[in-house]
Amino acid sequence: MSEYCIELNGITKKFGSFTAVNDVNLKLESGKIYGIVGPNGAGKSTTMALIMGSLFPTSGDGTVFGHPLASPEALKVLGYSPEFTSFYSDMKCYEYLWYMGCLSGLSSEESAKRTNELLDQFELRAHKDRKVAKFSTGMKKKVSLAQAMIHHPKVLLLDEPTANLDPTSRQEILDTVRRMVQDEHLTVLISSHVLTELETVISHVLMIDHGRLILNAPIAEAQEMFKQGILWVDTDDNEKLILGLSGKYKTEAVEGEGVRITTKEMDALKKDVVSLVYSNGMQLNKLSEEVLSLDSLYKQMMEGEKNGSDTEKDASENAGA
Ligand SMILES: Nc1ncnc2c1ncn2[C@@H]1O[C@H](COP(=O)(O)OP(=O)(O)OP(=O)(O)O)[C@@H](O)[C@H]1O
Ligand SMILES: [Mg+2]
């Protein structure tokens with residue numbers, strides 16, 4: 001049995017002559033939450049569909065807990081909440097979940113028991129006899145998540161589970177995901193466009209663009225890797241500070257905040273700032289390092305893709321771990 005729960009080996013998906021997923025190598029470890037980010041059309045949903053076995057690769061292959069993609073053994077341990085879920089127009093919430101349970105191989109009794117558990121877990125009990133097709137977007141997303149969980153999967157694939165939701169509903173969905181991971185030791189692959197909110201949930205970031213995996217790294221490592229090094233400094237004489245640092249560092253005075261200094265040599269910068277402050281007898285009011293958000297990381301990566309810069313090269317070397 002593989003030590004990874006999911007492995008993709010050089011997987012490629014073409015639609016005609018168009019390559020939607022391009023030679024992706026990926027290994028996902030159990031019990032972690034992976035965020036998959038990338039612009040529209042990058043290949044996120046296609047990658048998930050390939051893992052789910054609902055699309056067949058043009059070339060390459062993969063496994064789920066050592067079982068080939070699309071095999072019954074693989075399907076049994078995967079739960080999938082697609083980007084767009086279509087609900088049978090006449091089915092009520094309880095009926096839908098029970099039916100999906102039966103489709104996933106549970107007996108009628110097992111499915112009824114599990115449906116009842118999930119109705120409580122997702123706070124859908126009061127709505128169990130209402131038609132899902134008439135539910136609000138947020139409630140539909142909850143039903144879709146509950147459906148993905150019905151057969152106690154080990155891996156959850158959540159394709160934009162928070163899309164088109166208000167901030168409260170988004171938080172509720174993410175809190176539910178977090179709880180499920182803790183309680184059931186799940187591995188989750190979650191895609192989203194709202195990068196800053198993923199940051200609070202995921203342990204790893206996968207970045208995909210034009211079908212290629214351009215980054216695969218623990219979130220802290222990714223942030224470290226692309227840290228431009230931003231130091232905020234405020235003194236009683238910021239003009240003198242800027243003058244003292246000019247030529248060596250990129251500085252910018254920001255009204256009410258102090259001076260924003262950008263560098264890749266953070267330790268050297270800190271030493272320079274401190275010695276400048278000390279030798280000029282300045283008063284230091286603020287010295288703080290900025291933590292890069294996933295959003296700025298993403299923007300840097302995409303800029304790198306456009307410009308073909310070193311950032312892209314570094315990232316590619318680190319992708320596909
Ligand atoms: N069945 C299909 N036939 C032809 N092209 C397809 C098909 N499915 C996806 N594509 C194309 O493959 C590319 C990747 O699509 P995919 O849905 O995986 O992107 P995505 O990253 O999920 O985008 P989004 O953020 O908009 O959901 C897109 O250019 C899309 O048009
Ligand atoms: Mg998509």
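## Ligand 1 surroundings

A polar backbone atom of G43 lies 2.9 Å from an oxygen atom of ligand 1, a polar contact being a pair of N or O atoms within 3.5 Å. This is a predicted model, in which local features need pLDDT of at least 70 and side-chain atom pairs count only at pLDDT 80 or more, whereas totals for chains, interfaces and linings use all residues. Residues are numbered from 1 along each chain as its sequence is written, ligands are numbered from 1 in the order in which they are written, and side-chain values use heavy atoms, without hydrogens and water.

Side chains also approach the ligand. An N or O atom in the side chain of N40 is 2.8 Å from an oxygen atom of ligand 1, and a polar side-chain atom of E83 is 2.8 Å from an oxygen atom of ligand 1.

## Helices α5 and α6

Helix α5 (residues 137–149) packs against helix α6 (residues 167–184) at about 15 degrees, with the axes 11 Å apart. α5 is therefore roughly parallel to α6, a term for angles under 35 degrees. The contact (heavy atoms within 4.5 Å) involves K141, K142, L145 and M149 of α5 with E172, I173, V177, M180 and E184 of α6. By class, this contact has five nonpolar, no polar and four charged residues.

## Helices α9 and α10

Helix α9 (residues 238–245) and helix α10 (residues 266–279) pack at about 130 degrees, with their axes 10 Å apart. L241, G244 and L245 of α9 meet L269, D272, V273 and L276 of α10. These residues divide into five nonpolar, one polar and one charged.

Technical notes: Axes are lines fitted to C-alpha atoms, for helices over the stretch in contact, and angles run from 0 to 180 degrees between N-to-C directions. Helices (H or I, at least four residues) and strands (E, at least two) are DSSP runs, numbered from the N terminus. Angles under 35 degrees count as roughly parallel, over 145 as roughly antiparallel, 65 to 115 as roughly perpendicular and the rest as oblique. Ala, Val, Leu, Ile, Met, Phe, Trp, Tyr, Cys and Pro count as nonpolar, Asp, Glu, Lys and Arg as charged, and the others, Gly among them, as polar. A polar contact is a pair of N or O atoms within 3.5 Å; within protein, one must be able to donate a hydrogen and the other to accept it, and residues adjacent in sequence count only if both atoms are side-chain atoms.
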